[in-house]
Amino acid sequence: MAFPSSPIPISCFCRKLLNFQLQFDSLHSQIHILSSSSSLSLLQHQYSTALCLLIKFTVVMVLQGLFGTLKLLDMPTSPVIEEYESIIITDSTPSSIEVGQVYQDKEAIATAMKHYSVMYKFQFKFFLVIMFIRIVDEFYCLICVGENCTWHFKATSINYSAMFKVRNFNSQYTCFLMDNTFIQRKPTAKVVGSMVIPKYSDPKIIYTPKDIQVDMLSEHDMNLTYMQAWRAKEKTLQFLRGHPADSYSKLPSYLYILEKTFPGSVVKLKKTDGDCFFYVFVEICTSISGWEYCRPVVVVDGTFLKSAYRGIILTASTMDASGTILPLAYVVVDSENDASWKWFFEQFKLAYGERPNMCVVSDQNESILKVTSIVYPGMPHYSCMCHIWTNIRAKFKKGHLKLSELYFSTARSYTLDEFSERMSKIEQIDPHVKAYLYDIGYHGWSRVYATVNRTWTMISNIAESLNDVTKYARELPIVELLEYMRTLLERCTKEKLLKAKVTFTYLGFKFNKELDDNKTLSHKLRVRASIDYIHTVLDGVRRYIVYLENKRCSCRQFQLDELPCPHTLAALRYRDESFEQYCSPYYTRANLLRTYEIPVNPLADESKWNVPQHITEEVVNPPKGGKRQPGRPQKERYKTYDEINLKKYKVSCGNCVGEGHSKRSCKNAPKKK
């Protein structure tokens, strides 16, 4: 009942008091009507409660008439309430219900009883209190749906506070209607959701509504429809992660704590004119310090989010000294366009600067090509050769194995002679494919024509692998998504640093394995020395010249990979010289240890954040127009027409280069005489 802030006249006070008296008389008559089906002790409790309510109302009205508004919630906490603070139950799924238990509020005890009814397969209904719940919300009484059953439950508020205490509970049943009523009445989505909360604690765990249906039927004999199970899943996710819109309001506080916990990190938030979320950029200090010890090759990519407000997450990563992924930065934007990519590269340049021989590798995205030329003038941009091959298959409907092998071997060629020879073979199969590769530029996808040495980074699999790791995290709200990316970097940093400390080879794992393979091949070669640093290496009928002083070989593998090739290792073995000084420092164990020397420590719990008031009061609203439609959410992105019609690899013939048959069943082969 709402009261005015100013003193009210006596006539108005009397009128309100008379109104309440009529309500009390109505309650009094209702209690008399039901007295035949109620126990004497229960009726006495109801009389005393209603009488206390009338007295409390009268006192409040008198105090209001004299001193203005007085709220009962502002009254000091009773010592009786303080003694229960250590035993308050907040769990909505307790293992047992007993007399004397104290719950934090009425909603908690109601949820606990609904869960109890599911576990023990019975149904209950509210008793008597529902008649005057509009007057006071201090009772929670239940009885069994069976008319003659003695099962009943009663809980009341402790000194008119929010806490509820179980006063009386008879768990014995004397009816036989449990199974029938359980089949007729289904538990709510909130109750089922509270039972499957542990299944969704980790975003990587795949637990579908179909799994909820199967588990509820096998464990609790509940036959749920798919939509009932899906709504239960949505309730669970909302309980664990909160409402998606609330996550945007926590974004300023999270970014502030992130910047204070990890000094040297770069975090940026951009909003629209209406304080709506637009962009957010996060870069941890570990990645900035580790970037100096990695080759300056940046692989970028973007993938769509599956949260309520959608969006795109852009990632930048590189390869460390062990050949694994080092995440550099992650950005959440509204869509993948020129403006978002430009803002991303501008923030990336502020954080990492520009290094000599720096390049970008991505799929063939026009926005990235345009933006990199503006933000990084003169820096080369290379396209993922796998993405180009996908375009060839979609454009020319050519996907047989021989053309695929020729294309990838052409892209990885070390010498111009090898490149030209393989391009001529591609032209024999389809001249249109060669013309297409020429139009997009050889320098953008081939190793031999590249202006900057990018070694093994020929494809964007680094970014694709990072997208695959965050596949299920992309359903999280914005703050939880950013925190998942930070914990991913924290876990990877600790694991890689531990592996580096127990590695006793000079090079990292991937490059040491490549060196071992080259050593195996070098044992089959013969060396003929001419002068001190120039050697002739014979591989059968082929001859290769190795220049140790200039770190070059006529096969060009030595200078492009920056790792001793088999010919170089044969020359070094002939001279009885070690290989260490001929390897790139980006591959060494020492650089790997320096990359992860700054650890990513855990972030404190949200309850312990010390955030200034002006940060907490900063308004960040959800993006406008980006919220998904209600109903079952979309899990996969919409595919283009070319992707839908794109067929898998066809079987190709080795004799006639035709499709649809193999060499053994070829009918175009010449007949044997």
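# A guided tour of the predicted model

Of the 673 residues of the protein, 46% count as buried, where buried means under 20% relative accessible area, exposed over 50% and partly exposed in between, with a 1.4 Å probe and protein chains only. This is a predicted model, in which local features need pLDDT of at least 70, side-chain atom pairs count only at pLDDT 80 or more, and totals for chains, interfaces and linings use all residues. Residues are numbered from 1 along each chain as its sequence is written, and side-chain values use heavy atoms, with hydrogens and water left out.

## Whole protein

Start with everything selected and coloured by secondary structure. There are 25 helices and 17 strands; helices (H or I, at least four residues) and strands (E, at least two) are DSSP runs numbered from the N terminus. Switch to the surface: the protein exposes about 35900 Å², and carbon and sulfur atoms supply 54% of that area. Accessible areas come from the Shrake-Rupley method with a 1.4 Å probe, and for residues only the protein chains shown count as cover. Of the contacts between residues at least 6 apart in sequence, 63% join residues at least 24 apart, a contact being heavy atoms within 4.5 Å.

Select Val-118, in helix 4 (residues 106–120). Val-118 is buried, with 2% relative accessible area.

Next select Glu-138, in the loop between strand 3 (124–126) and strand 4 (139–144). Is Glu-138 buried or exposed? Glu-138 is buried, at a relative accessible area of 10%. Its C-alpha atom is 8.4 Å from that of Lys-106, 32 residues away along the chain.

## Strand 10

Move to Leu-314 in strand 10 (residues 312–319). Leu-314 has a relative accessible area of 0% and is buried. Display its surroundings, leaving out residues up to four places away in sequence: Leu-314 touches Asp-301, Gly-302, Ala-329, Tyr-330, Val-331, Val-333, Glu-336, Ser-340, Trp-341 and Phe-344. For Val-333, 19 residues along the chain, the C-alpha separation from Leu-314 is 7.6 Å.

## The largest cavity

How many cavities of 30 Å³ or more are there? The count is three. On a 1 Å grid over the protein atoms alone, a cavity is a set of points where a 1.4 Å probe fits but cannot get out, and lining residues have an atom within 4 Å of a point. Grid points are joined across faces, edges and corners, and a volume is the space filled by probe spheres set on the points.

The largest cavity holds about 110 Å³. To find it, select Arg-295, Val-297, Thr-318, Met-319, Asp-320, Thr-455, Trp-456, Thr-457, Ile-462, Phe-511, Tyr-586 and Tyr-587, which line it. This lining has seven nonpolar, three polar and two charged residues. Here Ala, Val, Leu, Ile, Met, Phe, Trp, Tyr, Cys and Pro count as nonpolar, Asp, Glu, Lys and Arg as charged, and the others, Gly among them, as polar.

Select Asn-518 in helix 20 (residues 509–522). Asn-518 is buried at 5% relative accessible area. Beyond its neighbours within four places in sequence, Asn-518 contacts Gln-557, Pro-564, Cys-565, Pro-566 and Leu-569.

Two of these partners, Pro-566 and Leu-569, are among the buried residues of helix 22, together with His-567, Thr-568, Ala-570, Ala-571 and Leu-572. Helix 22 (residues 566–575) is mostly covered, with seven of its 10 residues buried. Show what covers them: the list includes helix 20, strand 14 (526–531), strand 15 (534–539), strand 16 (542–547), strand 17 and helix 21.

## Positive phi

Most residues other than glycine have a negative phi. Asp-576, which follows helix 22, has a positive phi near 55°.

Select Arg-556 in the loop between strand 17 (552–553) and helix 21 (557–561). Its phi is positive, near 65°, and Arg-556 is partly exposed at 27% relative accessibility.

Then go to Asn-357, in the loop between helix 12 (338–352) and strand 12 (359–362). Asn-357 has a positive phi of about 60° and is exposed, at 57% relative accessibility.

## Cysteines

Last, select Cys-276 and Cys-492. Cys-276 is buried at 6% relative accessibility, whereas Cys-492 is partly exposed at 21%. The structure holds zero disulfides, a disulfide being a pair of cysteine sulfur atoms within 2.5 Å.

How values were computed. 1 Å grid on protein atoms, 1.4 Å probe; cavity = no way out; pocket = protein on both sides within 12 Å on 5 of 7 lines; lining within 4 Å.
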